[in-house]
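Here's a quick briefing to read alongside the picture. Take a look at the fold before you start.

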Amino acid sequence: MSTSTEPEIPDNWGRWGADDELGTLNLITDEVRARAAAEVRTGRWASLAQPIVPNPMISSPFAPTTVDVSPVQQVMTHTGVGVAADLMLVTNHHAKSTHIDALAHWSTGDEVYPGRPRNQVVTPAGVAFASTSAFAAGIVTRGVLLDLAADGPLPSGHAVTSRDFEEAEERQGVEVRPGDALAVRFGWPADPLIADRPTPGISLDAVRWMHRRGVALYTGDRGDAYPALDPEGPSPLHGVALGRMAMPLIDASHLDDLAALCAELGRHSFLLTVAPPRVHGMTGSPVNPTAVF
């Protein structure tokens, strides 16, 4: 439950100093990682990433309408005897690609966490601060799935609140703890537009709950609602959780396989590893998060 002294907009700017690039990943301490490692008891595992089928670059942007839009375009550069090679063009922030948002992906006004001028951070030559460089060592922590779609997809336009989270904890017999990664299953595909129906999404109340619980990382098959739940306010996940709380987001996850494994094992907590490529200076990067039980 919220308290009367709780700020309307959770804010971590300045909490870890003027040179911090990790944000809430600071909450993943050695003790948290050790606790996460203790979750591995069976060796079973599941990927949280969407599969991607590249489009051949030779056909784009003139591909026929029967070809699904892909975040990856591919061109074969060598098909000689005994060896093959190719080149890929990747759109990092794409609804059909599971990707992690760096803190520089979002700005508040003309500043980027933890208060640097955006025009000095995001430049034509790349991102100079709070970029994917912060994820170079990878992320290892305890993950918790709150499956809000165990009985079917959430209703169109549903605002996910702290009550939804706490009811899921009680139903699943699990508790979100400081330093955890929170995975939330809506039961909806990640596409922004779905048959002209308003999508469900995370509310500001839910983001405040994450702040109170000390969530270090969010991943979900949905995130912010479309259209926005509150058109007059900041987007809860990107505008507040990423922009003000400095919590990295893994967008567009595929959680059906994870949910099925959690149901089979009767467990909703696991070791989560996130190992983006060690490419520095970007606003985001494709990732393949892996849950191990």
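Which are the buried residues of helix H6 (residues 256-265)? They are Leu258, Ala259, Leu261 and Cys262, where buried means under 20% relative accessible area and exposed over 50%, with partly exposed in between (1.4 Å probe, protein chains only). Keep in mind that this is a predicted model, in which local features need pLDDT of at least 70 and side-chain atom pairs count only at pLDDT 80 or more, while totals for chains, interfaces and linings use all residues. Residues are numbered from 1 along each chain as its sequence is written, and side-chain values use heavy atoms, leaving out hydrogens and water. Helices (H or I, at least four residues) and strands (E, at least two) are DSSP runs, numbered from the N terminus.

- Just after H6 comes Gly266, which takes a positive phi of about 70°.

**The sheet**

- An open sheet is built from 9 strands in the order S1-S18-S16-S10-S12-S14-S15-S5-S17, with mixed pairing; two strands pair if DSSP finds at least two bridges between them.
- At the edges sit S1 and strand S17 (284-286), each pairing on one side only.
- From one strand to the next, the twist averages 25°.
- S16 and S18 pair in the antiparallel sense over 3 bridges, and Leu271 stands opposite Val292 in S18.
- H6 lies across S1, S10, S12, S16 and S18 and runs at about 160° to S1; axes are lines fitted to C-alpha atoms, for helices over the stretch in contact, and angles run from 0 to 180 degrees between N-to-C directions.
- Helix H3 (residues 162-172) lies across S10 and S12, at about 90° to S10.

**Aromatic rings**

- Rings of Phe, Tyr and Trp (its six-membered ring) pair if their centres lie within 6.5 Å; planes under 30 degrees apart count as stacked, over 60 as edge-to-face and the rest as tilted. By this rule there are 3 aromatic pairs.
- Trp13 and Tyr113 make an edge-to-face pair, 6.4 Å centre to centre with 75° between the planes.
- Trp13 is in the segment before helix H1 (30-37) and Tyr113 in the loop between strand S6 (111-112) and strand S7 (116-117), 100 residues apart. Both Trp13 and Tyr113 are buried.
- Phe165 and Trp209 form a tilted pair, 4.9 Å centre to centre with 50° between the planes.
- Phe165 lies in H3 and Trp209 in helix H4 (residues 204-213), so this pair ties together parts that are 44 residues apart in sequence.

**Charges over rings**

- The charged end of Arg244 sits over the ring of Trp13, 4.0 Å from its centre; that label needs NZ of Lys or CZ of Arg within 6 Å of the ring centre and within 35 degrees of the ring normal.
- Likewise, the charged end of Arg116 sits over the ring of Phe129, 3.8 Å from its centre.

Definitions and conventions:
Contact = heavy atoms within 4.5 Å.
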